[in-house]
Amino acid sequence: MPKENNVQGWAVLLLLAGLLLRLRTTVVVLLSAGVAGLGCGLDGRKLLEILGQAFLENRTLTLFLLTLPAVATVEHYGLKEWIGRWIHHRGWHRPAQLLLGYQFFRVVCGTLGLRLNGHPNLVRPLLAPMVCAETPEEQHETMKAAAAAAENYGNFYGQNLSPVGGGVLMAFATMKGLGYEMSLWRMVAFATFPCALALLFGALQFRHLSRRHDA
Amino acid sequence: MLEAVYSLVGLMLLWFALLTLGDQEHPRRLPTGAFWLILGILFGAGSLLPHWLAGLLVVALVLLDGLGLVKAGPTPPSLPAGSARLTIPILLMPASILAASLLCRWRGWDLSQGALLGLALGSLLALLAAWGLTGAPLQEIGHAGRRLNDTLGALSLLPQLLASLGVVFARAGVGDWLAGGVLQLVSPDQRVALVVANCLAMAGLAALTGNSFAAFPVVAQGILSPLLLKPFGSDPNALAMLTLAVGASGTLITQMAANFNLVPVALLELKSSLAVIRLQRPVALALFLGQLLFMIYLTTG
């Protein structure tokens, strides 16, 4: 690599080291931005301006905070306990099917172009208590993590199935900008492969996890 | 319209900050309250602040978190007597997002802004429903929301911080630097090695920046287009989509994707901060290999 470009290398290395050493992520990110920014010749004030502007322009990423009071209130009034009783009453002790069903539901949401913010809105109040209801206490940590994973698998690969999904549009625009004839529908057609693969591997993992608790 | 929603978040954070400052049992009452107060100011009054001042406030937030001063207070046990009606507020939120999205699709309005407004409206409806169903005093609702917010803590900040990092990285030319590095390792006639480099760069960059959005343009410009599509003439739709999707394998295994991998750890009160990532690792690897093989088949077949 050319010598005058070493700054970028240091900034990336800093991120990598922070990730591997599991240092406090906020600090690592800010330091890396500082190294990259100051290293490429921005002065401190300009760097603060870029930081502040980008932070303000991306406030939509944190809008989900608005959902917290309602979620917290119904939880305080015993939502989890009710879900536990309900699942128990229905005799539904197949967490693997619940998890896969949820992943499939998120794929359907993605296909419809819905962005749900599933972790605070659905996983914590609904899915996690459902999969934990009929599993022994020592399995709860794993089952809750699996509920979060089901949300991620479904969300990541499902959103590519919508021709107006954010990622698809971004890739479409990038490729057009590079001079390619693109078709949104053809792109979406190829997104079915990773999505189907994710459902398959998700199914295998969830089955494996709930098998472990039967044994 | 979005500005009004930001103000709403700002007001809510202000409410949380005041409740935290007044909570005598909170282990880090003052710095935690200050943290939410500053974030509230950035949300509510952000558009009025000069950008350098906003940047300075962001640095202050990171300092408060970096010194370990942002903490959650004690959580009282929940009441045992729940009923089916408690699911109504929870279901109102996705229902409202769905309704707003459909309305926007039908009227041809901006879909992503519609979904965000639906989220805000749904949250308010859910709050009203929760209030009506439980008869909880407003003070209690505030404390419940604040405690949940506290368990997330500074993690809420990370997605926005990473977006800022992406902007600074673009200014510093990190993308060109990475693309240049790949060219030095792989010679331009090795198709399979180039597909591997393309996928590794995409997943790696997504892991470092926490999402595929920042990574894709860099990889498309540096590797996918000049080294794979131009010389070998494969279908750009197929390779672009698969490259984008390979990024998700990187996102699944990184703490940088805080809102997907760390926020749930806090929300679900898991003991290990890597619990979700650890579970996702084998699946991410299998997906990576599956897509890699498919792309090799598409470029060589």
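Because the model is predicted, local features need pLDDT of at least 70 and side-chain atom pairs count only at pLDDT 80 or more, while totals for chains, interfaces and linings use all residues. Residues are numbered from 1 along each chain as its sequence is written, chains are lettered from A and ligands numbered from 1 in the order in which they are written, and side-chain values use heavy atoms, with hydrogens and water left out. Helix labels below refer to DSSP runs (H or I, at least four residues; strands are E, at least two), numbered from the N terminus.

**Nonpolar core**

- The largest nonpolar core has 170 residues, and Met175(A), Leu42(B) and Phe216(B) touch the most other members.
- A nonpolar core here is a set of buried Ala, Val, Leu, Ile, Met, Phe, Trp, Tyr and Cys residues joined through side-chain atoms within 4.5 Å.
- Buried means under 20% relative accessible area, exposed over 50%, and partly exposed in between (1.4 Å probe, protein chains only).
- Beyond residues up to four places away in sequence, Leu42(B) touches Phe55(A), Leu56(A) and Arg59(A) in chain A, and Leu49(B), Ala54(B), Leu57(B), Val58(B) and Leu61(B) in chain B; contact means heavy atoms within 4.5 Å.

**Second largest pocket**

- The volume of the second largest pocket is about 670 Å³.
- A pocket is found on a 1 Å grid over the protein atoms alone, as an open set of points with protein on both sides within 12 Å along at least five of seven lines, whereas a cavity is a set of points where a 1.4 Å probe fits but cannot get out; lining residues have an atom within 4 Å of a point.
- Grid points are joined across faces, edges and corners, and a volume is the space filled by probe spheres set on the points.
- The lining of the second largest pocket has 24 residues, with Arg24(A), Asp65(B), Leu152(B), Leu155(B) and Ser273(B) nearest the centre.
- Two or more lining residues come from each of helix H2 (25-39) of chain A and helices H6 (138-152) and H13 (263-267) of chain B; H6(B) gives the most, with three residues.
- By type, the lining of this pocket divides into twelve nonpolar, seven polar and five charged residues, where Ala, Val, Leu, Ile, Met, Phe, Trp, Tyr, Cys and Pro count as nonpolar, Asp, Glu, Lys and Arg as charged, and the others, Gly among them, as polar.
- Asp65(B) sits in helix H3 (residues 51-66) of chain B and is buried at 7% relative accessible area.
- Leaving aside neighbours within four places in sequence, Asp65(B) contacts Arg24(A), Thr26(A), Phe35(B), Val70(B) and Ala154(B).

**Salt bridges**

- Over all chains there are eleven salt bridges, each a side-chain nitrogen of Lys or Arg within 4 Å of a carboxyl oxygen of Asp or Glu.
- Asp235(B) and Arg186(A) form a salt bridge with their closest N and O atoms 2.5 Å apart. Asp235(B) lies in the loop between helix H10 (212-232) and helix H11 (236-252) of chain B and Arg186(A) in helix H10 (residues 184-214) of chain A, so this pair joins two chains.
- Asp235(B) is partly exposed at 22% relative accessibility, as is Arg186(A) at 40%.
- Glu151(A) pairs with Arg106(A) in a salt bridge, the closest N and O atoms being 2.8 Å apart. Glu151(A) is in helix H8 (residues 140-158) and Arg106(A) in helix H6 (residues 95-111) of chain A, so the bridge ties together parts that are 45 residues apart in sequence.
- Glu151(A) is buried at 2% relative accessibility, and Arg106(A) is buried at 2%.
- Glu49(A) and Arg45(A) meet in a salt bridge of 3.7 Å, N to O. Both residues lie in helix H3 (residues 44-57) of chain A, four residues apart, about one turn of the helix.

**Single residues**

- Ala248(B), in helix H11 of chain B, is buried at 7% relative accessible area.
- Arg22(A) is not a glycine but has a positive phi of about 55°; Arg22(A) lies in the loop between helix H1 (6-21) and H2 of chain A and is partly exposed at 47%.
- Glu269(B), also not a glycine, has a positive phi of about 50° and lies in the loop between H13 and helix H14 (275-300) of chain B.
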